[in-house]
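Subject: Structure for you to look at

Hello,

Here is the structure I said I would pass on. Please open it first, then read the notes below it.

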Amino acid sequence: MSVSSTTTWTQAYTRYSLGAILLHWTIALAILFQLAVGLAMVHLDAMPDALRFALFQWHKTIGILVLCLTLARIAWRLVNPPPALAPITSRDERAASSLVHLGFYALMLIVPLSGWMLVSAAAAGIPTYLFLLESLEWPHLPVDALLPSVAPGQIEAGQIEDGLGFAHKWLALSFLGLLVLHLAGALKHSLVDAVPSFSRMLPHGGLARPQTRLVGIPIALAIIVAALGGGLLAGQADLATSSGSGVARPAAATPQGAAGDWIVDAAESRLDFAAQFSGKPLTGTVGAWQADVRFSPDALERAQATVTIDTASITVDNSFVAPQVQGKDGFDSDTHPTATLVLSQFRAADAGYAAEGTLTIKGKSLPVTVPFTFDENADGTAHVAAGSATVDRTAFDLGVSNDPTGQYLDKAVTIRFALVAAPAGSPSAER
Ligand code: HEM
């Protein structure tokens, strides 16, 4: 391409308006942040619960901002239309470019909306506090009320949540596909057609900027303020109705769960086991364990709990048994470093509740029923799930070489627990 024709192309171009440029890059960065944080918070198992909880709240905050900024971006675009496409582009290229842009706008609205619907439908009922500030509660959408009217009696709450999670994930990942096409188009214009492309979206450079219709500024700002302010006011109204005082919902009032919804305070909790050795009580202590608990008395069908025990951390207070605990006839922690308890079928029972599931020790998995109580603690900042279950140690190959009949060490071993937990959305869990 000759210099003069480049000059002609360049002169035929204007860049985007400053408002469009600012909104474009802010939203683009926010979406990249959302993708990275969204994937990390869902898939990085090693992440501490407290950090995961904070990331969820930031993810929701930035996602809501993307929604508001997108509405402002659309208004801005209506008032300040984008500069014309390169005159050299073919009709097909123009159509492809328009489709990609349309796809971006659709995703910029649908992805945050699907995330918002997801948290609104979640049994957890964890509130969304923008910027982690309890005073900035963002409301939940009435998803439960809307969907049954679309398909009465056909969809269960859990299916709605799962479906929305699936949709949110794949719609969000579609951003990556569009991004590839978007960058490919921009690179093609820059490198193959040798016409300005990236520079049209940069605030500095040789390209002329079109006259901005300044009325776009108050309109875009009004949309952001109305969308954010309206949501926050609705959040306050929700809060006032639910608590009757306008004060943040107490954690104890919403003991609802979803994965990670209860943050179990291991330091305050107790997990041990008891047996009899030669007629005297023996206590075993579990030093390291982790519990993931989803539980709500109102949604027992969705409750589940997984307790993972580091077998090397198990000790007993009996000097006869202690040397065997980690050995082959004990928990054999070298070969079986973890034992797990997975509970999934919860029901109301005489004493409170009972859960059924599977206990796996030394690779042997057996069914177990765990009755437990679930009460608020004295100062109302947490709940305590306390219970016990008795198992036959020999069924798990524990002590079968040394004492298969229970002559010294009883075969019946009672696992006891008192888990102190706060709902993930509560201030006490955030600490
Ligand atoms: C542009 C905006 C957004 C993007 C790009 C985005 C992206 C993502 C991604 C990539 C994931 C991981 C999905 C997975 O691997 O399972 C995710 C998860 C999640 N997002 Fe978003 N998100 C956005 C907005 C929102 C909003 C506004 C909310 C709520 C107000 C939200 C709530 C959630 C939740 C609760 C999850 C976890 C889902 C699960 O546990 O399976 N997101 N998001």
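Helices (H or I, at least four residues) and strands (E, at least two) are DSSP runs, numbered from the N terminus. This is a predicted model, in which local features need pLDDT of at least 70 and side-chain atom pairs count only at pLDDT 80 or more, while totals for chains, interfaces and linings use all residues. Residues are numbered from 1 along each chain as its sequence is written, and side-chain values use heavy atoms, with hydrogens and water left out.

Overall

The protein has eight helices and 13 strands. Of its 431 residues, 43% are buried (under 20% relative accessible area; exposed means over 50%, and partly exposed is in between, with a 1.4 Å probe and protein chains only). A contact means heavy atoms within 4.5 Å. Among contacts with a separation of 6 or more, 68% are between residues 24 or more positions apart.

Strands

Two strands pair if DSSP finds at least two bridges between them. Strands β4 (residues 270-277) and β5 (residues 280-286) run antiparallel and are joined by six bridges. A275 is opposite L282 of β5. The hairpin of β4 and β5 has two residues between the strands, and S278 there has a positive phi near 50 degrees. Strand β5 also runs antiparallel to β8 (residues 314-316), with three bridges; G284 has V316 in β8 as its bridge partner.

Cores

A nonpolar core is a set of buried Ala, Val, Leu, Ile, Met, Phe, Trp, Tyr and Cys residues joined through side-chain atoms within 4.5 Å. The largest one has 44 residues, and W289, F295, I309, F346 and F372 touch the most other members. Beyond four places in sequence, the contacts of F372 include F295, F346, Y353 and F417. A second, separate core has 24 residues, including Y16, L69, L107 and M201.

Surface patch

Patches of nonpolar side chains (Val, Leu, Ile, Met, Phe, Trp, Tyr) join residues within 5 Å that have over 30% relative accessible area and no salt bridge (a side-chain nitrogen of Lys or Arg within 4 Å of a carboxyl oxygen of Asp or Glu). One such patch consists of W25, L183, L187, L191, V192, F198 and L202. Helix α6 (residues 157-192) gives the largest share, four residues. F198 lies in the loop between α6 and α7 (216-243). Why is F198 counted as partly exposed? The reason is that its relative accessibility is 37%.

Regards

Note on methods:
Patch = residues over 30% accessible without salt bridge, like charges linked within 9 Å, V, L, I, M, F, W, Y side chains within 5 Å. Areas by Shrake-Rupley, 256 points an atom, 1.4 Å probe, with all protein chains shown as cover.
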